[in-house]
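Here is a short briefing to read alongside the model. Have a look at the sequence and the fold, then follow the topics below in any order you like.

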Amino acid sequence: MGISLRPEHLKRYRDLARLLMRYGRSDLVRSAGLEGALEEGAEPSEGQPAEAERLTTDLEQMGPTFVKLGQLLSTRPDLIPRAYADALARLQDKVEPFDGEEAERIVSEELGVRVSKAFDEFDRTPIAAASLGQVHRAVLRGGRTVAVKVQRPGIREQIVKDLDALTDVVEFMDQHTKQGRKYEPARVLEEFRRTLLSELDYGREARNMATLDANLAEFERIIIPRPVEDYSTGRVLTMEYVRGRKITKLSPLARMEVDGAALAEELFRAYLKQILVDGFFHADPHPGNVFLTDDGRIALLDMGMVGTLSPDLQQNLLRMVLAISDGRGDEAAQVTIEIGEVRGHFDEGRFTGDVKTLVGDFTSATSAQDIQVGRVMLEVTRSAAENGIRLPVEMTMLGRALLALDQVGRTLDPQFDPNAAIRRNASDLMRRRMMKNASPSRMFTNLLEMNELVQKLPGRINRALDAVTEEGVEVKVRVVEDAWLLEGMQKMSNRISMGIILAALILGASMMMRIPTRFTLFGYPGVAMLFFLAAAALGLLLVFDILLHDIRHRDDVHR
């Protein structure tokens, strides 16, 4: 049974079919019935899959949706081989900017006024362009310089169509292929859809910027551009203009002029706070989104992708991070199992062994280049999927963020050690967690829950007592291997009975020792000695039975 091809998605079906055949999955093309979407004469390639670097080029040619999909897959080593994940991690938006007049039209339409009335200046030439939008420099009335991010025209409609075509293919894979049932690509695509559509909402991004700016106010070396709310909508985002350079553009001489070690340390501390204390973190800190400002500070840009962590997940992540840092692989594996959802084919022994190996390699690394917290998190995610654990989607976002953060940290300070930074900040993180749990709002919530418990407890006790009085108490015992259990109980009762008889014989013989008789054995009363001899024989028989039968049963169990 194949996919029901929809005419409006025919071009995308053709692109997907060509991509699958090029990378060695012509079987999926045939089983899904996608041959009809190909040009006449196109044949599946049965040779070796193309190299990983070529995949990045193919995805860039397919457009922004697939560039973003490739970037997501780069954080899922459980779905694709390591070489492909590394290649996709370098995937960048390579698009031409759209016309400046079109940008002005969108700004005017969104703000409801002419651009000349909203701004003193608006530079039609963008200073940066990406797949979803581009950024223009402008000057507000009053002389304040700002950056205006304008969404690319028609991009939302194009992405929605691409996602619909992907959904058709992925749902077929989910239901009709072994890999689909194991890795659940429909679930991955749903995560991708939610993330990508949220990136298209610039109003949401403005709120993210304001939240992160407030949460990171204590870090003097880190700045978040503040949004200008009156000049921002769902498709236009106006923010503070940051003067600086991408850290990837810094020359060796420029790096010598800044305190890279201090910047890397503060940036890492800021992310630990976001993840483990605030539960709200910037999920896309790749080097292109990190600027070194003219005054020597770090500016974080592009807040379209953020992650949110529940208090329970934060608590478990703190335990996991500390366990990894201290080299306790068993505990890291156990925490991961608690975080995830165990599925049918779960292999605990293999998973624990994988995590112990990963943690051991991490803690024994001698080179700063080999110490990558994000890589460990992603490899743990891969091992979890292979061994039957479904982890929350936030774990992959977190792994991607930490992996990008590792790259930024090494760019600022080649000798930066994230493992040592975790240890230095462990006590402060735990203190902050405890203070957050002891906040007035949390205590008030606990009091409300306690009040509800106290109010409902008498009624629950009355109902329980009424049920006991009227219907009695029924105890259900679930017995496994009842025949084996009954046999063991019978053997135990027989031995107890024999032990009681032995005790009675010995006790009776002891009492009869005081009664003089003509019949003697070995100079003692004969009847008493017979009882003693009978007790000795029965005791030897009991010991022989235990040694013979119990040892044999133990050997059978081991075999």
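The protein holds 22 helices and 15 strands, where helices (H or I, at least four residues) and strands (E, at least two) are DSSP runs numbered from the N terminus. This is a predicted model, in which local features need pLDDT of at least 70 and side-chain atom pairs count only at pLDDT 80 or more, while totals for chains, interfaces and linings use all residues. Residues are numbered from 1 along each chain as its sequence is written, and side-chain values use heavy atoms, with hydrogens and water left out.

**Overall picture**

- Of the 559 residues of the protein, 44% count as buried; buried means under 20% relative accessible area, exposed over 50%, and partly exposed in between, with a 1.4 Å probe and protein chains only.
- Among contacts in the protein with a separation of 6 or more, 68% join residues 24 or more positions apart (a contact means heavy atoms within 4.5 Å).
- The protein exposes about 30200 Å², and carbon and sulfur atoms supply 55% of that area; accessible areas come from the Shrake-Rupley method with a 1.4 Å probe, and for residues only the protein chains shown count as cover.

**A four-stranded sheet**

- An open sheet of four strands runs in the order β5-β10-β9-β7, with mixed pairing.
- β5 (222–223) and β7 stand at the edges with a single partner strand each, so one side of each has no neighbour in the sheet.
- Strands of a sheet pair through backbone hydrogen bonds, either parallel or antiparallel; here, two strands pair if DSSP finds at least two bridges between them.
- Strand β7 (residues 244–246) pairs with β9 in the antiparallel sense over three bridges. Across this pairing, R245 stands opposite L292, and K246 stands opposite F291.
- β9 is also joined to strand β10 (residues 298–300) by three bridges, again running antiparallel, and here F291 faces A299.
- Both faces of strand β9 (residues 290–293) are covered: V290 and L292 are buried on one side, F291 and T293 on the other.

**Backbone turns worth a look**

- The hairpin of β9 and β10 has four residues between its strands, and G296 takes a positive phi near 80 degrees there.
- Most residues other than glycine have a negative phi. D302 is a residue other than glycine with a positive phi, near 60 degrees.
- D302 lies in the loop between β10 and β11 (306–308), and D302 counts as partly exposed because its relative accessibility is 24%.

**Helices**

- Helix α10 (residues 185–199) has 15 residues, which at 1.5 Å a residue should span 21 Å; its end C-alpha atoms are 21 Å apart, in agreement. The expected span is 1.5 Å times one less than the number of residues.
- The buried residues of α10 include P185, V188, L189, F192, T195, L196 and E199.
- An α-helix has 3.6 residues a turn, so residues three or four places apart point the same way.
- In helix α17 (residues 373–386) you will find R375, which is buried because its relative accessible area is 15%. Apart from residues up to four places away in sequence, R375 touches R82, D86, L403 and D406.
- Helix α19 (residues 418–437) carries R423, a residue that counts as partly exposed because its relative accessibility is 48%.
- R423 and S325 are 98 residues apart in sequence, yet their C-alpha atoms are 7.0 Å apart in space. R423 touches S325 and D326, not counting residues up to four places away in sequence.

**A buried valine**

- V236 sits in strand β6 (residues 236–240) and is buried, because its relative accessible area is 0%.
- Leaving aside neighbours within four places in sequence, V236 is in contact with I106, V107, E110, V148, K149, Y202 and Y231.

**A nonpolar surface patch**

- F519, V527, L530, F531 and L533 form a nonpolar patch on the surface, with about 420 Å² of accessible area together.
- Patches are made of residues with over 30% relative accessible area and no salt bridge, joining like charges within 9 Å and nonpolar side chains (Val, Leu, Ile, Met, Phe, Trp, Tyr) within 5 Å. A salt bridge is a side-chain nitrogen of Lys or Arg within 4 Å of a carboxyl oxygen of Asp or Glu.
- L530 lies in helix α22 (residues 526–558) and counts as partly exposed because its relative accessibility is 43%.
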